[in-house]
Amino acid sequence: MKTEISKGLSDKARQVRVLLLDVDGVLTDGRITYNDRGEEIKSFHVRDGLGIKLLQWSGIEVAILTSRISEALLHRCRELKIETVLQGMEPKLAAYEWLLHNRGLVDSQVAYIGDDWVDIQILKRAGLPVAVKNADKGVIAYVDYVTQQDGGQGAVREVCELILEAKGLKKRALAAFTL
């Protein structure tokens, strides 16, 4: 698995201005649960949430791109103050291109975390393409980094810290909690 943080990977992470996240299988463990009223229930890892906040506090935008629509996701994004939430996007590539255009970004400034075939087109373009540890094996060939954690189990936090470390911001972020 591609988990080593090389100089090349660090160079790519240093350029990141936006972390773009898939949801099911990345921010969650990929399971879809419904209650008896048919309402979707999602579980999000608190460490991923703090990682997202650390990036935001460091001036790095976090955005969501998913082909599904979920009220539970919207609730979590409001809680984390994630403003760009692109739901129900199929194909995802058109939404990715909209984000680039809307933010004045180029591919090299985007990190994308995915886990399945629907993510491959974006993984092929993003400057820092990442797959979670439990991603579909067909996705691994298209990424520069595979997390040590599974999706929904701290994988997003791991990538947040990688980006902060590459930008020389991790020690400052940690200091906010140790003073």
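Reader: Leaving aside its neighbours within four places in sequence, which residues is Ile113 in contact with?

Author: Happy to start there, and please keep in mind that this model is predicted. Ile113 is in contact with Leu19, Leu20, Leu21, Asp22, Val26, Val130, Val132, Val156 and Val159, once neighbours within four places in sequence are set aside. Ile113 also belongs to the largest nonpolar core, which holds 57 residues.

Reader: Which members of that core touch the most other members?

Author: They are Leu19, Leu21, Tyr96, Ile113, Leu128 and Ile163. Among the elements, helix 6 gives the most to this core, with eight residues.

Reader: Let us turn to the sheet. What is the order of its strands?

Author: First the general idea: strands of a sheet pair through backbone hydrogen bonds, either parallel or antiparallel. Here, six strands form an open sheet in the order 5-4-1-6-7-8, and the pairing is parallel. Strand 5 (84-86) and strand 8 (145-146) are the edge strands, each pairing on one side only.

Reader: How many bridges join strand 1 to strand 4?

Author: Four bridges join these two parallel strands. One place to look is Val18, whose bridge partner in strand 4 is Glu61.

Reader: Why is strand 4 described as largely enclosed by the rest of the structure?

Author: The reasoning rests on burial, where buried means under 20% relative accessible area. In strand 4 (residues 61-65), four of the five residues are buried, so the strand is largely enclosed by the rest of the structure.

Reader: And what joins strand 7 to strand 8?

Author: Two bridges join strand 7 (residues 128-131) to strand 8, and the two strands run parallel. In this pair, Ala131 has Val146 of strand 8 as its bridge partner.

Reader: Which strands does helix 6 lie across?

Author: Helix 6 (residues 155-166) lies across strand 1 (18-21), strand 6 (110-114), strand 7 and strand 8. With strand 1, helix 6 makes an angle of about 165°.

Reader: How do I read the packing of helix 1 and helix 6, and at what angle do they pack?

Author: Two packed helices are described by the angle between their axes and the distance between the axes. For helix 1 (residues 7-14) and helix 6, the angle is about 90° and the axes are 8 Å apart. The two helices are therefore roughly perpendicular to each other. Helix 1 makes the contact with Leu9, Ser10, Ala13 and Arg14, while helix 6 uses Leu162, Ile163 and Ala166. By class, this contact has five nonpolar, one polar and one charged residues.

Reader: Now for the loops. Is Gln109 buried or exposed?

Author: Gln109 counts as buried, because its relative accessibility is 16%, and the cut-off for buried is under 20%. Gln109 is in the loop between helix 4 (92-103) and strand 6. Not counting residues up to four places away in sequence, Gln109 touches Gln15, Val16, Arg17, Val18 and Gly104.

Reader: Where is Phe44?

Author: Phe44 is in the loop between strand 3 (40-41) and helix 2 (46-57). With a relative accessible area of 23%, Phe44 is partly exposed. Beyond its neighbours within four places in sequence, Phe44 is in contact with Leu27, Thr28, Ala72, Leu73 and Arg76.

Reader: How many residues apart in sequence are Phe44 and Glu83?

Author: They are 39 residues apart in sequence, and 17 Å apart in space, C-alpha to C-alpha.

Note on methods. Residues numbered from 1 in each chain as written. Predicted model: local features only at pLDDT ≥ 70, side-chain atom pairs only at ≥ 80, totals over all residues. Heavy atoms only, no water. Pairing = 2+ DSSP bridges. Contact = heavy atoms within 4.5 Å. Axes fitted to C-alpha atoms, helices over the stretch in contact; angles between N-to-C directions. Buried < 20%, exposed > 50% of the residue type's maximum accessible area, 1.4 Å probe, protein only. Parallel < 35°, antiparallel > 145°, perpendicular 65-115°, else oblique. Nonpolar A, V, L, I, M, F, W, Y, C, P; charged D, E, K, R; others polar. Core = buried A, V, L, I, M, F, W, Y, C linked by side-chain atoms within 4.5 Å.
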